[in-house]
Amino acid sequence: MAEITASLVKELREKTGAGMMDCKKALNETQGDLEGAVDWLRKKGLAAAAKKSGRIAAEGLVAVATAGTKGAVVEVNAETDFVARNDKFQAFAAKSAELALATGGDVEALKAAAYPGTSHTAQDELTSLIATVGENMNLRRSVTLSVSAGVVVSYVHSAIAPGLGKIGVLVALESTGDAGKLADLGKQIAMHIAAARPDALDIADVDSSSLERERNVLAEQARASGKPEAIIEKMVEGRVRKYYEEVCLLEQTYVIDGETKVRKVVENAAKDIGAPVKVTAFTRFALGEGIEKAQSDFAAEVAAAAGGQG
């Protein structure tokens, strides 16, 4: 009988996608025979995840959870929108957001966290769900926000269940004022963020490389007009100000009234809240953003299926 080492368990996990405890059990059942353990897991339906791990998962859910001065948002992906309506998948997404509150937003820490009501990790729970549902899934990312005094407010656009949807927003407001009124302001700003998609909180937070790239583009556009360099410089500065108004949350025009800057909305609300208010951070998750949909792979699958007929 081969010694059942941690590296052997790890190799079996990588080979099958099954959970750690299932891999240990399989190796025990097969006296440490790796290939025999693979077959044992397959027979139990626990190795199904391995075959699915290469498929594109760009659907799924964004989930949010808040607790006073803390909030978390996570994205859990699946292959089809159909799975997003699965009760077990929804429960996993919601529980993952709650777990993220405790793990601090690091997605690897979240995956390794003990899953409530079980003796295994969140990643193991997801692996089990993959085997049950029959689609590739991925706990893709998570972020947490917190304030020392104030609130962290969440908003989900077109929620399919409480705290679950395709766009999730967190906004952190620091203030010692009325918590209820502060939360109301936070909800309105979170709705604005969902619609306006800011990239940065304020001008100081704009990525320097993005700004430089924008300046270069604007300068080339201005030079194409044939204007003198002195005029071009003024044109660029004017357009940069416009750029800030597009990408910075506090410089944007508030979508709810269509005329006031968000910065001014916050200042005005402070009078009613009873203390100064500061927006310290925000995050916006849109389901599947940045995931390569691999259309060519889909076309190849269709072609292969057609070729296999007749």
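In which helix does M20 lie? I looked there before anything else. M20 belongs to helix α2, which covers residues 20-29.

**Entry: ground rules**

I am working from a predicted model. The protein chain has an average pLDDT of 86, and 89% of its residues reach at least 70. Strand β6 (residues 167-174) has the highest confidence, at 98. Helix α13 (residues 295-307) has the lowest, with a mean of 43. I then looked at the stretch around α13. Residues 294-310 stay under 50 in pLDDT. For these residues the model shows 1 contact beyond four places in sequence. Where pLDDT is low, predicted coordinates should not be read in detail. I leave that stretch alone.

**Entry: the chain as a whole**

I looked up the secondary structure. The protein chain has 13 helices and 7 strands. Of its 310 residues, 43% count as buried. I also looked at how far contacts reach along the chain. Of the contacts between residues at least 6 apart in sequence, 65% join residues at least 24 apart.

**Entry: back to M20**

Is M20 buried, partly exposed or exposed? M20 is partly exposed, at a relative accessible area of 33%. I set aside the neighbours within four places in sequence and listed what M20 touches. The contacts are V9, R13 and D124. I took V9 for a distance. M20 and V9 are 11 residues apart along the chain, and their C-alpha atoms are 6.9 Å apart.

**Entry: the sheet of 4 strands**

I traced an open sheet of 4 strands next. Its order is β3-β2-β1-β5, and the pairing is antiparallel. Which strands stand at the edges? They are β3 (137-146) and β5 (164-165). Each has a single partner strand, so one side of each is left without a neighbour in the sheet.

I followed the pair of β2 and β3. Strand β2 covers residues 70-78 and pairs with β3 over 9 bridges, in the antiparallel sense. One bridge I picked out joins A72 to T144 in β3. A helix lies against this sheet. Helix α6 packs on it and touches β1 (59-67), β2, β3 and β5. The direction of α6 makes about 145 degrees with that of β2.

I also looked at E135, just for its setting. E135 sits in the loop between α8 and β3. E135 is buried, with a relative accessible area of 10%.

The order is β4-β6-β7, with antiparallel pairing. Here β4 and β7 (278-286) are the edge strands. Each has a single partner strand, so one side of each lacks a neighbour in the sheet. On average, neighbouring strands of this sheet are turned by 10 degrees against each other, direction ignored.

β4 pairs with β6 over 8 bridges in the antiparallel sense. I noted two places along the pair. V152 has A172 in β6 as its bridge partner. V156 stands opposite G168 in β6.

**Entry: aromatic rings**

How many aromatic pairs does a search of the whole structure find? It finds 2. F92 and Y115 form a stacked pair, 5.7 Å centre to centre, with 20 degrees between the planes. F92 lies in helix α6 (residues 87-103), and Y115 lies in the loop between α7 (107-112) and α8 (122-133), so the pair ties together parts 23 residues apart in sequence. I checked the burial of both. F92 is buried at a relative accessible area of 2%. Y115 is buried too, at 10%.

R141 lies over the face of F285, at 3.9 Å from the ring centre.

Technical notes
Residues are numbered from 1 along each chain as its sequence is written. This is a predicted model: local features need pLDDT of at least 70, side-chain atom pairs count only at pLDDT 80 or more; totals for chains, interfaces and linings use all residues. Side-chain values use heavy atoms; hydrogens and water are left out. Rings of Phe, Tyr and Trp (its six-membered ring) pair if their centres lie within 6.5 Å; planes under 30 degrees apart count as stacked, over 60 as edge-to-face and the rest as tilted. Helices (H or I, at least four residues) and strands (E, at least two) are DSSP runs, numbered from the N terminus. Buried means under 20% relative accessible area, exposed over 50%, partly exposed in between (1.4 Å probe, protein chains only). A charge sits over a ring if NZ of Lys or CZ of Arg is within 6 Å of the ring centre and within 35 degrees of the ring normal. pLDDT is the predictor's confidence in each residue, from 0 to 100. Contact means heavy atoms within 4.5 Å. Two strands pair if DSSP finds at least two bridges between them. Axes are lines fitted to C-alpha atoms, for helices over the stretch in contact, and angles run from 0 to 180 degrees between N-to-C directions.
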